[in-house]
Each structure stands twice: as structure tokens, then as C-alpha cells.
Amino acid sequence: EGRRALAASLRAAADAVDGDAASPSSEPAPPPRDAVDGSDAGPPAPASRAARGFDVREYPSAHVALRVMYAGWDYHGFAQQGSDASGVRTVEGALFAALRRTKLIAPDATPEDVAYTRCGRTDAGVSALGQIVSLRLRSKRRGPTKEERREESFRTDGGDETSGTETDAANASSSEDAKNAKRAFEADAKVAFDDRTLPSDTRRAARAGFVKAPDLYFVDNAEDELDYCALLNRALPEDVRVTGWGYVHENFSARFDCEYRAYKYFFCTNAGDKEDGSGLDLCAMRDAARRFEGTHDFRNLCKMDARNVHNYVRTVHRCTVVDADDTEDWDRGGAERGLNGAVGFSAVGSQAGKCRSSGSPPRLCYVLVEGSAFLWHQVRCMAAVLFLVGLRRETPDVVDALLDPRRFQNGKPQYEMAPDAPLVLWRCGFARDALRLTASPAARAHMQVHAAQHAAAHLKRAAVWAELWASLRTEKKKRREAEPGENDFAASGSSVAGEVVDAACALSAPGRAAGVGAAKAAHVPLERRPTEMTYEERRARIEEKEGKR
């Protein structure tokens with residue numbers, strides 16, 4: 001009986017407490033003490049960084065250039081072009097996602113907000129080792145003070161011992177004239193280098209003197225900056241890496257300040273130079289490649305964009321075919337010959353120019369094209385024509401014909417351009433005082449390990465196909481000598497059959513779906529092929545469509 005009474009009293013007390021908490025008090029809350037006595041309350045206490053979030057805009061920024069490497073096989077090109085919204089992968093989309101993830105730019109920053117420029121716009125499937133972009137990034141370093149700038153100016157300009165007051169007075173007297181002259185010069189230069197109807201060399205010359213070297217204060221103290229390579233590489237996909245960075249001037253443009261762009265198109269070949277028509281004739285390919293050099297009209301060697309491009313004259317500084325046996329050219333080109341000694345490719349230490357049998361393993365080569373600027377698909381069209389010459393379907397003279405619009409007055413002949421996967425944007429060249437790239441030792445070591453891992457993975461996969469090639473050697477004499485019942489693997493030789501190598505090389509060239517003899521017999525010379533619409537016909541169609549709107 002006593003327990004029940006105690007439980008009842010506890011429930012009553014709990015109900016009373018709950019009732020008091022639920023019913024709001026009718027009395028107003030007492031005012032704060034500062035408001036009662038009239039004293040100043042002062043500013044509110046600042047919120048913690050975690051409470052207000054990380055705001056990139058509160059930190060200093062610097063104009064930085066990045067060198068980007070990417071394997072573009074799984075990307076729909078480099079530039080975004082608004083395609084990321086539809087789920088299409090681009091390298092630029094992955095780069096900006098990493099920039100936002102590392103808080104180097106604001107989460108809602110657009111390319112225009114960070115003064116973003118790119119050197120080249122590679123197509124879907126094309127890779128790059130030397131793509132350059134520039135933009136404003138968060139920096140942990142402040143800018144130079146007035147005193148530091150004065151010391152830097154005295155050191156670089158050879159100033160005398162005049163006092164700071166005299167120097168300031170002299171600068172103030174001419175500052176307005178200098179500003180007006182600079183505005184006029186920049187306006188004229190901008191009009192010139194933004195005019196797409198002018199040749200690229202003319203537009204680049206208009207920028208001479210407009211873009212200066214980056215601030216030496218930042219360059220000399222770059223080691224105190226954020227490790228941009230290490231930060232971004234931790235956030236980027238496995239097939240995209242930032243391999244270098246450097247401060248650039250505020251007026252720097254990765255596109256217009258580029259002096260040259262160099263592409264490599266990789267391919268494999270057998271011995272070549274054979275009278276029986278097998279293999280790729282590298283000598284003929286080199287002859288044809290030299291004819292591309294110089295300033296020419298490349299409208300027959302590109303995919304024409306008549307809506308946006310009206311000038312098809314471009315300058316090619318160098319075009320050549322580099323063989324794995326050309327040790328000096330290959331090493332100078334940036335690729336070590338150790339790759340060619342792996343998985344059945346040409347052995348390291350082989351003598352240059354050594355005769356190779358028809359069953360020798362294939363060796364890696366590439367077409368090197370260097371120029372100031374390129375048209376849409378220009379390098380792939382040039383490589384396609386070189387393959388036709390190497391397969392002896394066309395003579396080197398076909399290059400001269402394609403570069404002469406008068407020879408193809410009815411338009412560009414129809415032909416298939418070379419595949420995209422072997423093409424690499426290898427280098428983008430800038431003036432030494434406009435761009436100097438660096439990378440920390442830690443970031444460089446990590447990139448070396450990363451590259452070695454991926455190269456080893458691809459070479460191991462290639463080794464499987466190299467073993468298959470070796471097992472398919474079809475020398476009739478060895479087959480006849482094989483014991484009855486012995487399988488073809490035991491009867492095959494240790495190297496790839498020449499016929500198989502020739503077919504593999506031919507498949508990378510346009511229209512090489514059938515055998516060597518059949519494909520050559522079915523070939524139609526370029527000068528006798530149907531043609532595409534001319535530039536004038538395309539423009540007339542565009543203007544007709546726009547007039548109907």
C-alpha cells in the first residue's frame with residue numbers, strides 16, 4: 001500500500017513539472033544587463049571557422065599556370081562546352097571538380113570568375129603531356145609590400161641613390177600619362193589578337209610587349225607557396241595529373257601566348273622499305289612529312305568549320321617521322337628506348353638501321369608535328385595521308401596536291417582520318433620569361449611512381465598480346481618440320497610473323513579492313529575520289545539557314 005502511494009505521488013510531481021515546462025511564461029524575459037545600464041554591448045563574438053565555413057574569397061590569390069597530363073581515351077575531349085551537365089566526361093570537368101574539392105577556387109566559381117584560359121582543345125580520345133591552363137588560385141602568400149616592390153624595382157632597373165620622396169614625385173608626375181598610354185596600347189592589342197580572321201602569327205605579334213614576365217617577387221619565393229601539384233593530384237582521377245605550375249603575369253593567356261604546339265602520333269611498323277609492298281615505307285613517309293613544313297592552306301587536311309573558322313592558312317615548323325632505331329631523335333623527343341625493349345618490341349641496344357626480317361617484332365615510331373596553331377583534326381588528317389604514303393597507295397607528291405586548293409577546286413577529297421587514341425599533345429611552348437614551371441620534389445617523386453605503375457600495368461597487358469603474336473608465326477617450313485600431333489604453339493617461332501605485323505600496322509591506317517593485296521587493289525587515288533563541300537558552299541548554306549530565321 002505504501003509503495004502505491006509513493007508511485008502516485010511521484011507521477012503527480014512529474015506531471016506538474018511537465019506542465020510548467022510546456023506552458024510559456026507570461027512574464028517577459030529580463031533585458032540584458034548592458035541594455036539596462038546603457039553601456040555599449042560591442043560587436044558580436046566572431047563565429048568559428050567551422051561554423052561559418054571555408055570561404056576561398058577571404059584568402060589571397062595568384063595568377064598561376066598549370067601543366068596538365070591526361071590519358072584522354074576515356075574522355076569526351078578536354079574542354080567542357082557545357083557537356084558535363086549531361087553526364088559526358090571531360091578532362092576540364094575533372095580538373096575543375098578537383099579545384100573545387102581542394103578549395104583552390106570557390107565552389108560556385110565559373111571559368112570567367114577565375115580568368116581561366118587553356119592552350120589547346122584536344123578532341124575525344126586524344127591525350128596530352130603538356131597541356132597548359134592558367135587561372136587565379138587560392139594562395140597562402142601575400143603580395144609584396146610597397147617597400148619590397150621598391151627594392152625589387154631598384155634591383156632590376158638599376159636605380160640610383162635618389163631618395164624615396166624624389167622617386168615617388170617623379171613617378172607621380174608621369175603615372176597618369178603612363179596609364180593612358182597603357183590603356184590605349186592594351187585596347188589596340190586586344191582588338192588585334194582577338195580578331196580570328198587574322199593569322200595566328202599576326203595575332204601573336206600583336207601581343208608582343210603586352211604580356212610581361214610574372215612578378216619576380218613571387219617567382220623568387222615560389223617554394224613558400226601551396227604545393228599545387230600534390231594538392232590537385234590527390235583529388236584528380238588516376239588518368240589526369242598536374243605535372244608543373246608557375247606564376248604568370250596578369251595578362252598571360254595560355255592560348256594566345258603559346259609560341260608553338262607539338263603533337264606526336266604513335267604507330268608500330270615492321271621492317272618497311274620492302275620491294276614486295278609489305279610494311280610501311282618510312283623513307284617515303286619522311287619525304288611526304290617534309291612537304292607539310294612551311295606556311296600552307298590546310299583546308300584539305302582538316303575538318304572544316306566554316307561557321308567559326310574563315311582562315312585555313314597555318315604554319316608547320318617541323319614534321320618528321322621518328323623511328324625507334326633513331327636513338328638520338330627518340331631520346332631528344334622525350335621517350336626513353338627502354339619502352340621499346342619491352343614485350344617484344346625492338347630490343348634495346350639494336351644497331352640503328354640494322355636489317356630486320358619480315359618476321360621481326362614491330363617497333364614503335366611516331367609522327368612529330370610542330371606548329372604555331374592547328375585546325376580541327378588537322379594532325380589526324382596529316383597522319384592519315386602519311387599512312388597512305390607509307391603503304392604505297394599514294395606517292396609523296398599527294399601532299400603537294402592537297403596543299404594546293406587549285407588542285408581540288410571542287411572541295412576536299414573524302415578520306416578517313418587516323419584514329420584518335422595514338423595522338424598526344426606533347427608540348428606547348430612559351431617564352432622563357434613568360435612561363436617557368438616547377439614541382440616540389442615530393443610531388444615529382446609521387447608522379448614518377450604513379451607513371452611507373454601505370455606503364456607497367458599497360459606493358460603487362462601488352463605482353464599477353466605479344467605472346468599471341470609470337471605464337472601465330474606461320475613459317476611453312478617450321479610447320480612441316482613439326483612432329484605429327486604437335487600443336488601450332490610448338491611449331492611457331494619466337495617472333496611475330498611478318499604478315500601479321502603488316503596487317504596490324506595496316507589496320508591502324510584508313511580503309512585497311514581487308515588483306516594487303518585486296519586493300520591495295522581497291523584503293524582509289526585521292527585525286528579521283530568524291531569531294532566534300534567547299535568553304536564557299538558551306539558559308540552559303542549557313543547564311544541561307546540564318547536568313548530563314
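The model is predicted. The chain has 549 residues, of which 40% count as buried, and it holds 19 helices and 9 strands.

**Chain overview**

- Of the contacts between residues at least 6 apart in sequence, 77% join residues at least 24 apart.
- The chain exposes about 30500 Å², and carbon and sulfur atoms supply 53% of that area.

- In soluble globular proteins, nonpolar side chains tend to be buried together.

**Helix α10**

- Helix α10 spans residues 282-290, and its buried residues are L282, A284, M285, A288 and A289.
- Seen down the axis of α10, these buried residues fall within an arc of 155 degrees, so they line one face of the helix.
- The cover over the buried residues of α10 includes strands β5 (260-269), β7 (313-323) and β8 (363-371), together with helices α12 (378-390) and α13 (397-402).
- At the start of α10, a side-chain oxygen of D281 comes to within 3.3 Å of the backbone nitrogen of C283.

- H296 belongs to strand β6, which covers residues 294-297.
- The relative accessibility of H296 is 22%, so H296 counts as partly exposed; the buried class requires a value under 20%.
- A polar atom of the H296 side chain lies 2.8 Å from the backbone oxygen of E293.
- Beyond residues up to four places away in sequence, H296 touches R291, Y312, V313, R314 and L403.
- H296 and D400 are 104 residues apart along the chain, and their C-alpha atoms are separated by 9.8 Å.

**Aromatic pairs**

- A pair of aromatic rings is described by the distance of the centres and the angle of the planes.
- The count of aromatic pairs comes to 10.
- The rings of Y70 and F78 have centres 5.3 Å apart and planes at 25 degrees, so this pair is stacked.
- Y70 is buried, with a relative accessible area of 1%, and F78 is buried at 0% relative accessibility.
- Y312 and Y535 form an edge-to-face pair, with 5.9 Å from centre to centre and 70 degrees between the planes.
- Y312 lies in the loop between β6 and β7, while Y535 lies in helix α19 (residues 535-548), so the pair ties together parts that are 223 residues apart in sequence.
- Y312 counts as buried at 2% relative accessibility, and Y535 is buried with a relative accessible area of 16%.

Technical notes
Residues are numbered from 1 along each chain as its sequence is written. This is a predicted model: local features need pLDDT of at least 70, side-chain atom pairs count only at pLDDT 80 or more; totals for chains, interfaces and linings use all residues. Side-chain values use heavy atoms; hydrogens and water are left out. Buried means under 20% relative accessible area, exposed over 50%, partly exposed in between (1.4 Å probe, protein chains only). Helices (H or I, at least four residues) and strands (E, at least two) are DSSP runs, numbered from the N terminus. The arc is that of the directions from the helix axis to the C-beta atoms. Contact means heavy atoms within 4.5 Å. A polar contact is a pair of N or O atoms within 3.5 Å; within protein, one must be able to donate a hydrogen and the other to accept it, and residues adjacent in sequence count only if both atoms are side-chain atoms. Accessible areas come from the Shrake-Rupley method with a 1.4 Å probe; for residues, only the protein chains shown count as cover. Rings of Phe, Tyr and Trp (its six-membered ring) pair if their centres lie within 6.5 Å; planes under 30 degrees apart count as stacked, over 60 as edge-to-face and the rest as tilted.
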